[in-house]
Amino acid sequence: MRRLAHALTALLTLSLAACGGGGGGGGGGTTGQGESGMSAAAQVGQKLFNDPILSSTGAMSCASCHDAGNHHAAPDTRSVPLGATPGHEAGRQAPSLQYLKFNTRFGFAADGTPTGGFTWDGRANTLGDQASGPLLNPDEMANTSVEDVVAKLKRSTHAADFQRVFGGDILDRPADAFARLQFALQQYQLEDPDFAPFSSKFDLWRAGKAQLSDAEMRGMALFNNPTKGNCAACHVSTGIGSTPPLFTDNTYDALGVPRNPDIRANADPDRYDLGLCGPTRVDLAERGDLCGAFRVPSLRNVAKTAPYFHNGAIKTLADAVRFYVRRDTNPEEWYPTDTNGVVQKFNDLPPAYRKNVNTTEVPYNRKPGDNPALTEAEIADVVAFLNTLTDGYTP
């Protein structure tokens with residue numbers, strides 16, 4: 001009930017974000033519309049989004065991990081992206097940037113539920129804030145400072161365009177230039193319709209322009225059924241006003257996803273990614289009750305954006321659905337066993353925080369020996385429905 005009530009609150013804020021209410025990064029300069037329909041700032045942002053010159057090695061751009069050809073998600077199925085510097089890799093899976101324009105700032109609802117924000121831990125409050133993270137992350141684009149980024153921008157082929165939009169002396173003021181860079185990258189994501197096309201089979205079905213198959217209809221019913229998949233409790237399947245469903249309530253949940261040995265940093269047995277309470281996010285480090293919680297992503301284009309969850313531990317969409325319904329009935333399928341043959345459930349969290357994992361809501365409210373909430377046939381139907389959320393559908 002808490003999630004369902006909060007979902008309505010979250011959805012009521014969407015229209016503000018859709019109008020640019022996310023703010024961010026700093027403004028100023030010329031913002032008139034060009035032939036593309038985007039402002040001059042957004043057009044510069046598009047160029048810089050795709051230019052690898054802004055990375056430490058000149059080999060990695062924003063688009064390297066957020067490929068327009070794959071719904072602005074990773075172009076491959078690595079657990080986490082490789083960094084610009086050899087031997088480095090990002091700490092988390094690269095999610096799609098599509099539909100993030102509807103996100104809101106991070107905060108706590110009246111009942112204490114964390115909601116909003118960008119990135120897996122919500123530490124960025126705007127798309128502009130989010131854009132600066134990879135630029136300065138030593139394991140991603142690996143620039144050493146704001147000044148380092150701006151020096152590269154100054155050498156780029158887009159420097160003159162950047163100056164025309166934001167002022168002739170802007171590149172001589174690194175702090176201001178970096179803020180305008182954030183703004184340009186944000187405006188590109190807000191203004192380019194490719195970041196929120198709403199062109200899936202599901203969207204056409206809602207408009208009466210396509211028909212769902214029997215399996216897809218069954219899958220949608222299971223997705224919404226609070227006693228079966230109960231997916232819609234977090235991945236809200238209803239829109240509000242003129243905004244179609246986004247398939248997220250933009251809250252946070254601790255799911256106890258298995259530890260992923262493919263992530264190099266996980267070779268250290270004492271290294272844990274605790275989401276809201278750190279280590280990347282630092283302002284909630286004392287909130288032990290939030291450790292292990294990550295943002296609920298949109299399921300739009302989910303069939304094309306494997307692997308899944310913040311650490312990329314689950315490799316296929318069918319297994320992602322299967323994990324939800326069999327995590328508690330058959331934990332041996334997902335977690336390793338110790339030398340005594342005991343399943344190490346929720347093994348990507350320190351034992352002290354495993355109590356934070358959601359074990360009360362359907363379908364997690366089961367125990368070994370219980371029947372899973374969905375059969376294999378029903379899992380296949382839910383996967384069929386999730387495939388209808390892929391944009392670019394042609395009847």
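This is a predicted model: local features need pLDDT of at least 70, side-chain atom pairs count only at pLDDT 80 or more; totals for chains, interfaces and linings use all residues.
Let's start with a cavity. How many cavities of 30 Å³ or more does the structure hold? Two.

Now to the helices. Two packed helices are described by the angle between their axes and the distance between the axes. I'll follow H3, residues 40-49, through two partners.

Partner one is H7, residues 159-166. The packing angle is about 155°, and the axes lie 10 Å apart. Angles over 145 degrees count as roughly antiparallel, so H3 is roughly antiparallel to H7. The crossing is left-handed. Which residues meet here? From H3 come Ala 40, Ala 41, Val 44, Lys 47 and Leu 48. From H7 come Asp 161, Phe 162, Val 165 and Phe 166. By class, that contact has seven nonpolar residues, two charged and no polar.

Partner two is H8, residues 174-191. Here the axes come within 7 Å and cross at roughly 100°. That makes H3 roughly perpendicular to H8. On the H3 side, the contact has Ala 41, Ala 42, Gly 45, Gln 46, Leu 48 and Phe 49. On the H8 side, we find Leu 181, Phe 183, Ala 184, Leu 185, Gln 187, Tyr 188 and Glu 191.

One last point on H3. Ala 41 and Leu 48 meet residues of H7, and Ala 41 and Leu 48 also meet residues of H8.

Notes. Residues are numbered from 1 along each chain as its sequence is written. Side-chain values use heavy atoms; hydrogens and water are left out. On a 1 Å grid over the protein atoms alone, a cavity is a set of points where a 1.4 Å probe fits but cannot get out, and a pocket is an open set with protein on both sides within 12 Å along at least five of seven lines; lining residues have an atom within 4 Å of a point. Grid points are joined across faces, edges and corners, and a volume is the space filled by probe spheres set on the points. Axes are lines fitted to C-alpha atoms, for helices over the stretch in contact, and angles run from 0 to 180 degrees between N-to-C directions. Helices (H or I, at least four residues) and strands (E, at least two) are DSSP runs, numbered from the N terminus. Angles under 35 degrees count as roughly parallel, over 145 as roughly antiparallel, 65 to 115 as roughly perpendicular and the rest as oblique. A crossing is left-handed if the near helix is turned anticlockwise from the far one by less than a right angle, and right-handed if clockwise. Contact means heavy atoms within 4.5 Å. Ala, Val, Leu, Ile, Met, Phe, Trp, Tyr, Cys and Pro count as nonpolar, Asp, Glu, Lys and Arg as charged, and the others, Gly among them, as polar.
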